[in-house]
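Colleague: Hi! Could you walk me through this one?
Modeller: Happy to, here it is.

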Amino acid sequence: GNRGNALRALRRFEEALASYYQAIAMKPDYAEAYWNKSLACLRMGDFAQGWALYESRWQWEEFVVNNARPDLLLPRWSGVEPLAGKTILLHSEQGLGDTLQFVRYVDQVLALGADVLLEVPKPLLELFKAFSGRVRLLAKGDALPAHDFHCPLLSLPLAFKTRLDTIPKANAYLASDPEKRGAWVARLGEKTGPRIGLAWSGNPQHKNDHNRSLLLSQLLPGLPSGGEYISLQKEVRAADKAALEASGIRHFGDELKDFADTAALCDLMDVVISVDTSVAHLAAALGRPTWILLPYVPDWRWLLEREDSTWYPTTRLYRQPASGDWASVLARVHDDLLSLQARTPPLAKEKEPVLRIITV
């Protein structure tokens, strides 16, 4: 298993997969090896094997401690049991980005005639009120109404036998609140250039955060003058505060009360540039042009090599060509932002660029 992980870090994915097979042969109940094997299969586009193996997460103690629901005693829906006239609880697991990505399956469950209870983390509750009238929304920790089946959101691809060419996708399966958008239009004021939303770091508790997040000082050289740069982050790390204050990037902090506010702000951007974190999923699910900055070894959902995403039609993927090489990624972003500015109609009144590149 450890050898497989080391090979994965070197992007020797076929060899990593062989190591996971060997680990399982030596220890058939090695749940973490099954889990890593599932991620390898999914990353390589083998969804048929990948989704089935992905269920091994529920046998891996470390995963179960953080994600299991011991109070769910009713059967887990497998995709076979009829749902017409039945009530099913769909519940989130793992991170906010995972919930944003896989909530797309709700409509497919509804199409089977089910009454749907949708349980999500509280920061997403207001955003998901767009589902009201079709599902009953619950915040994690709420008392659970009676139901016949349950299914974790990330088990739905297996239930629906999802393959690369059958991923349920739409340019926008989430929507922001018009009133909130209006409030942000007023808050932002007159537009001074193409509006570019930025999210450069994710949850610092994430195991892979050191690979997927950037320091703001690393990002700044990729941002040419002439754009109106807007932070989509609620929290700013201590290491980024001085760079943010000196940069001219507009940051709203506690004005972003939850993801409904962030969604409304995202909807006003000409493009959103984000590392692999929940803001990337949010902007893409809203159908906004979204540029996602990926580490050398990407998360499984972004597959390999390609610059587009099978999950989100409006995304563009910027991949590190070597481990830790953000400079090459940001050089491409810089050039593409210049092209975006060239395509953007000139404003009636020219203003000084808001961004000042600094070094810290």
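Modeller: Let's begin with a pair of facing residues: Gly-197 has Val-272 in strand 7 as its bridge partner.

Colleague: Nice. Before we go on, what should I know about the model and the numbering?
Modeller: This is a predicted model, where local features need pLDDT of at least 70 and side-chain atom pairs count only at pLDDT 80 or more, while totals for chains, interfaces and linings use all residues. Residues are numbered from 1 along each chain as its sequence is written, and side-chain values use heavy atoms, with hydrogens and water left out.

Colleague: Ok, back to strand 7. How many bridges join it to strand 5?
Modeller: There are 4, between residues 195–199 of strand 5 and residues 271–275 of strand 7, and the two run parallel. Strands here are DSSP runs of E with at least two residues, helices are runs of H or I with at least four, and both are numbered from the N terminus. Two strands pair if DSSP finds at least two bridges between them.

Colleague: And what is the strand order in that sheet?
Modeller: The order is 6-5-7-8-9, an open sheet of 5 strands with parallel pairing. Strand 6 (228–231) and strand 9 (315–319) each have a single partner strand, so one side of each has no neighbour in the sheet. The twist averages 20° from one strand to the next.

Colleague: Which strands does helix 15 lie across?
Modeller: Helix 15 (residues 278–285) lies across strand 5, strand 7, strand 8 (290–294) and strand 9, at about 150° to strand 7. For such angles, axes are lines fitted to C-alpha atoms, for helices over the stretch in contact, and the values run from 0 to 180 degrees between N-to-C directions. Contact means heavy atoms within 4.5 Å.

Colleague: What about the sheet with the order 3-2-1-4?
Modeller: That is an open sheet of 4 strands, with parallel pairing. Strand 3 (136–139) and strand 4 (149–152) stand at its edges with a single partner strand each, so one side of each is left without a neighbour. Strand 1 (residues 87–91) and strand 2 (residues 115–120) run parallel, joined by 5 bridges. His-91 stands opposite Glu-119 in strand 2.

Colleague: Changing topic: is Arg-57 buried or exposed?
Modeller: Arg-57 counts as buried because its relative accessibility is 0%. Buried means under 20% relative accessible area, exposed over 50%, and partly exposed in between, using a 1.4 Å probe and protein chains only. Arg-57 sits in the loop between helix 4 (47–54) and helix 5 (61–67).

Colleague: Which residues does Arg-57 touch?
Modeller: Leaving out residues up to four places away in sequence, its contacts include Trp-35, Phe-63, Glu-93 and Pro-152. Ser-155 is also among them, and a polar contact of 2.9 Å joins the side chains of Arg-57 and Ser-155. A polar contact is a pair of N or O atoms within 3.5 Å; within protein, one must be able to donate a hydrogen and the other to accept it, and residues adjacent in sequence count only if both atoms are side-chain atoms.

Colleague: How many aromatic pairs are there?
Modeller: The whole structure has 20. In one of them, the rings of Trp-51 and Trp-311 have centres 6.4 Å apart and planes at 85°, so the pair is edge-to-face. Trp-51 is in helix 4 and Trp-311 in the loop between strand 8 and strand 9, 260 residues apart. Rings of Phe, Tyr and Trp (its six-membered ring) pair if their centres lie within 6.5 Å; planes under 30 degrees apart count as stacked, over 60 as edge-to-face and the rest as tilted.

Colleague: And how many helices and strands does the chain have?
Modeller: The protein chain has 16 helices and 9 strands, and buried residues make up 51% of its 360 residues.
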